[in-house]
Amino acid sequence: MKKLLAASLLALSASVAGNAFAEPIKIGMITTLSGGGAGLGIDARDGFMLAIEQSGNKEVDVVIEDDAQKPELAVQIADKMIQSDKVDLMTGIIWSNLAMAVVPSATAQDVIYLSVNAGPSALAGAGCSPSYFNVAYQNDNFHEAMGEAANKDYKKTFIMAPNYPAGKDSLTGFKRFYKGELAGEVYTKLGQTDYAAEIAQIRASGADSVFIFLPGGMGIAFTKQYAQSGVGLPLLGPAFSFSQDVLPAIGDAALGVKNTASWAYDLDNEANKAFVEGFKEAYGRLPSVYAAQGYDTANLILSAAEKASVKDKDAFRAALKEADFDSVRGKFSFNTNNHPIQDFYVREVVKDGDTLTNKIVATAFTDHKDAYAAECKM
Amino acid sequence: MSLTLLIEQILNGLQFGVMLFLMAAGLTLIFGVMGLINLAHGSLFMVGAFACATVAAATGSFWLGLVASLAAAAAAGALVEILVIRRLYERDHLDQVLATFALILIFSEGTRWVFGSFPLYLDIPQLLSGAVHLPGGAQYPIYRLAVIGVGIAVAIGLYLLIGKTRLGMRIRAGESDREMIGALGIDIGTLYTLVFALGAALAGLAGAMVGALQSVQVGMGEPVLILAFVVIVIGGIGSIKGALVGSILVGLTETLGRFLLPHVFGLFMPNSEAATVGAALASMLIYIVMALILAFRPQGLFAANA
């Protein structure tokens, strides 16, 4: 009896002494941890978990499940998380097709979803939702930034992307800001690994530069084969094709390649220094843009949790929307459609000692907003 | 579109076809001799690539890596045959498909466990870097020409092995009547292990050569496996000659389709749409070819046991 009394007294004092809203938050993370795209999901997860650990907040419970990059599996996991795990928030999806399968039904059930990567145009425009926050970017953004940056040096670019929705968004985004002429526009098969035929076309096209959107293994294959072919035209792309997760596998063939992103490891701000150092120490490798986005997502959630209870959805949504956290990207705020307003940078692949990595060489956009916000009615 | 571009694309198609042949030859040999559908053939391709990348990274020599890829894939193949496949010969194809599909998962997750989820680095050897000038002014990478050369050498080697040697005679005998050659005192178990290891080694060789061009990552074998199945269905199951013709046909169709179809559609629609429609149709093209061939020759072009 004495023990019980002591214990309840202790519990009571702890709850009074602690933060007013230090109540448990249950987060469901669905991400890709197996298959060819696993590197991206693992980085996003590791960045996310690093922020939770650094905060020292013991009340956050993260349930992590692998979607194997399969939409049907992601939908099943989401149902399980919402119905039996009773998660308060969801996050983690890397691929747009999976996001389209999961996000609309999750937000319809009043679960708040925060995107660490995927940003399909449908969810930024007419399909936007007060419960959907994109902490990464709208899909077109990196490509738009490259289109804008290319205007300075190039007049005739050859553009190429895989034949799937994000590939088409990519080339649309590039063309939205690029003023030069196109030497060619090619859609490849998703997952294609041999680019000899396309490289021959690039050689014959009379282009002065090449823009590619080929994430993961596709980018590795293309960049190696492109370097071997000796075509030698400047190579441009969004950061996905030349991110930290694929650079070691491409090797020196990637040196000098220009790519655009909202983040680079050498961005000069305190939050980013703490992130890069912490990540290197915890995992023994350099973080990628996916890890940075995961880290920011976790910090956004933590910042909102200090202001509002996660059980009070409206208050929590409002707290999220304030985006009152130290982003590793420096400035960060939400537009009317809950998508970021942020800067975009041109990065160049360089060798830092023995490690290949990206350094910022220019700014492509300041306070850039996506093109779909006007279609969002909420 | 110029003639040099066309020549270059034909060479690209040949190179792709030859690479497919290395995969398809092993697959069709195993099916022809043992009557076994081996879905895990793509995993052996991956084993070859990982072995080559690891040894090349440790020693700095691509050539040692190539030897390692042959050895590792052959060893993995022999091991798999002895531990798993041997128990499946008498079972029906569904059991074989299930068991070898399980092997894919085991190989993939095992590789991830050992090497991690991030792709490995493997570059072409210094000796074969650079390009040669072809007649007509086109340039072509030496490494891809070398791949074509290796493929032709393997095709000739297999022809001699199967047509002219005692081992080849046994393989052919095993194909037509496995009980009879067992009765004649030939150790059919060892023969099967050998054939399986040979097919695995060819897949490993293909994996290592392609790994230097593409990315060495978990799951790299499965897309190739699907095409290799298309090849052996077109060529006639069990026939090496069919595998060769089928591979070249698929390689050329795939490459030239990807390159020519957008141009064809570009004649009567805007470029951006032509690129999309052309690309979509090009990715279907080999399956259309396969369907047409099967409609007229259901047993494939060169059926072994027809």
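Of the 306 residues of chain B, 52% count as buried. The model under discussion is predicted. Chain B contains 11 helices and 2 strands, and its elements follow the order α-α-α-α-β-β-α-α-α-α-α-α-α from the N terminus. The radius of gyration of chain B is 20 Å, close to the 19 Å that the globule rule gives for 306 residues, so chain B is as compact as a globular protein of that length. Along the principal axes, the C-alpha atoms of chain B occupy a box of roughly 65 × 50 × 35 Å. When contacts in chain B between residues at least 6 apart in sequence are considered, 77% of them link residues at least 24 apart.

Attention now turns to chain A. Strand E6 (residues 156-162) of chain A runs parallel to strand E8 (residues 209-212) of chain A, and 4 bridges join them. Within this pairing, Thr157(A) has Ser209(A) as its bridge partner in E8(A). E8(A) is also joined by 2 bridges to strand E9 (residues 235-238) of chain A, again in parallel, with Phe211(A) opposite Leu236(A). Between E8(A) and E9(A) the chain passes through helix H9 (residues 217-229) of chain A, forming a right-handed β-α-β crossover.

The contact between the chains involves 33 residues of chain A and 38 residues of chain B. On the chain A side, the elements that each supply at least two residues include helix H2 (38-55), strand E7 (181-188) and helix H8 (196-205). H9(A) gives the most to this side, with 7 residues. By class, the side of chain A that touches chain B comprises 13 nonpolar, 15 polar and 5 charged residues.

Note on methods: Residues numbered from 1 in each chain as written. Chains lettered and ligands numbered in written order. Predicted model: local features only at pLDDT ≥ 70, side-chain atom pairs only at ≥ 80, totals over all residues. Pairing = 2+ DSSP bridges. Right-handed = clockwise from strand over helix to strand, strands pointing away. Contact = placed C-beta atoms within 7 Å. Nonpolar A, V, L, I, M, F, W, Y, C, P; charged D, E, K, R; others polar. Rg over C-alpha atoms; globule rule 2.2 N^0.38 Å. Buried ≥ 20, exposed ≤ 12 C-beta atoms within 10 Å, placed from the backbone.
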